[in-house]
Amino acid sequence: MKETVRQPKQPWLVAVAVVVIAGAFFYLMGTSRYPEPGPNIQYDIQAFEDLDKIDTPFEERGAVEPGVEDLQALAVGPDKWYVAGKDTVVVYSDDDRELARYSVPGTPNCLAAAADGTLYVGLPRKVHVFDANGNPQAEWTDFTSRSYITSIAATDTDVYVADAGKRVVLRFDRQGKLLTRIGEKDPSRDIPGLEVPSPYLDLAVNADGELWVTNPGKLGLERYREDGSIVTSWYRPSMNLDGFPGCCNPTHIAFAPSGKLITGEKGLVRLKMYEVTSGEFEGLVKGSRDFPRQPSIRDLAVDSRERILVLDHPGESVRVFALKETGHGLDASQST
């Protein structure tokens with residue numbers, strides 16, 4: 001026979017006792033004379049923060065303020081670039097003149113511009129398609145309540161959509177037909193699976209048409225074929241300047257026309273450059289001294305002049321960085 005729960009006859013005495021015990025505990029904690037933890041268990045990252053407080057070959061070349069709330073996404077097309085925020089996409093020429101503004105239904109997380117000017121606008125659980133003049137063309141809804149779209153890239157034939165919520169990259173044709181699921185764990189194909197501890201999953205296609213995807217939980221990148229098979233990968237878990245620290249970095253990647261890979265990080269906010277095939281670190285672009293507020297970077301892109309465009313969330317602006325020697329480009333051998 002199950003015993004009934006016993007209730008105290010004088011519950012107010014229990015309440016008084018709890019208050020007295022709690023008060024004594026916090027008093028003793030506040031007056032204790034225990035020494036500070038030894039150096040071997042103190043969490044001090046100051047030395048690592050100082051690694052990126054150095055001069056670099058890059059300088060800031062100004063900023064563009066679109067005057068749009070809640071800026072979230074950047075994209076680059078042929079001789080144009082795009083920025084999106086609340087209900088709006090703004091189109092700029094490559095010399096930063098505003099060309100147009102399009103209304104969009106909500107605040108996009110990401111953008112992609114195809115070579116023909118078609119614009120793909122990613123919201124958390126759908127993709128809107130606009131033509132080169134900003135006219136709505138289609139709405140893709142092949143997503144679920146668990147989806148959280150964070151990145152899009154478009155080629156002449158395909159559109160790749162990163163779904164951080166479901167830890168997968170979806171390959172569509174240009175009409176919105178789902179073709180391939182990429183990045184899901186599959187030991188038989190030597191695919192480790194995308195680890196996405198926070199809502200950061202980025203992808204980019206380089207000038208050679210190669211798809212690169214961040215694996216933020218493993219602190220590196222992976223290259224995939226169209227059929228979802230993996231080609232290669234590299235990971236750089238490290239607090240040092242040539243690696244990626246924290247739980248989930250890099251948060252953003254972008255390719256320059258020359259093929260240089262630019263990465264952005266959170267935590268210790270940094271922009272860096274890598275040779276993408278080998279993962280060789282090629283230098284710091286800008287470090288936390290230039291991005292003192294957290295989180296500072298919401299998106300990044302590299303335009304047709306090889307300037308690095310960074311969406312600075314606290315400033316609600318697009319900051320422009322380029323090599324000091326050239327005023328543009330990522331190769332110091334280029335001339336102005």
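This is a predicted model: local features need pLDDT of at least 70, side-chain atom pairs count only at pLDDT 80 or more; totals for chains, interfaces and linings use all residues.

Residues are numbered from 1 along each chain as its sequence is written, and side-chain values use heavy atoms, with hydrogens and water left out.

**The whole protein**

- The secondary structure comes to two helices and 24 strands, where helices (H or I, at least four residues) and strands (E, at least two) are DSSP runs numbered from the N terminus.
- Of the 336 residues, 47% count as buried, a word that here stands for under 20% relative accessible area, with exposed meaning over 50% and partly exposed in between (1.4 Å probe, protein chains only).
- Among contacts between residues at least 6 apart in sequence, 45% join residues at least 24 apart, a contact being heavy atoms within 4.5 Å.

**An open sheet of four strands**

- Four strands make an open sheet in the order β1-β24-β23-β22, with antiparallel pairing; two strands are said to pair if DSSP finds at least two bridges between them.
- The edge strands of this sheet are β1 (58–64) and β22 (297–302), each of which pairs on one side only.
- Strand β1 pairs with β24 (residues 317–323) in the antiparallel sense over five bridges, and F58 has L323 in β24 as its bridge partner.
- Strands of a sheet pair through backbone hydrogen bonds, either parallel or antiparallel.

**Strand β16 and its two partners**

- Because four of its five residues are buried, β16 is largely enclosed by the rest of the structure.
- Strand β15 (residues 211–215) pairs with β16 in the antiparallel sense over five bridges, and N215 has G220 in β16 as its bridge partner.
- The hairpin of β15 and β16 has four residues between the strands, and L219 in the turn has a positive phi of about 60°.
- Five bridges also join β16 to the antiparallel strand β17 (residues 230–235), where I230 stands opposite Y224.
- In the hairpin of β16 and β17, five residues lie between the strands, and G228 takes a positive phi near 95°.

- E222 is found in strand β16 (residues 220–224), and its side chain makes polar contacts with the side chains of Y224, at 2.5 Å, and Y235, at 2.6 Å.
- A polar contact is a pair of N or O atoms within 3.5 Å; within protein, one must be able to donate a hydrogen and the other to accept it, and residues adjacent in sequence count only if both atoms are side-chain atoms.
- E222 is buried yet has no salt bridge, and the nearest side chain of opposite charge, K218, is 6.1 Å away.
- A salt bridge requires a side-chain nitrogen of Lys or Arg within 4 Å of a carboxyl oxygen of Asp or Glu; for charge, Lys and Arg count as positive and Asp and Glu as negative, while His and the chain ends are not counted.

**D202, a buried acidic residue in a loop**

- D202 lies in the loop between β13 (178–182) and β14 (203–205).
- D202 is buried and has no salt bridge, the nearest side chain of opposite charge being R298, 13 Å away.
- The side chain of D202 makes a polar contact of 2.6 Å with the side chain of S151, and a polar atom of the D202 side chain lies 2.8 Å from the backbone nitrogen of I253.
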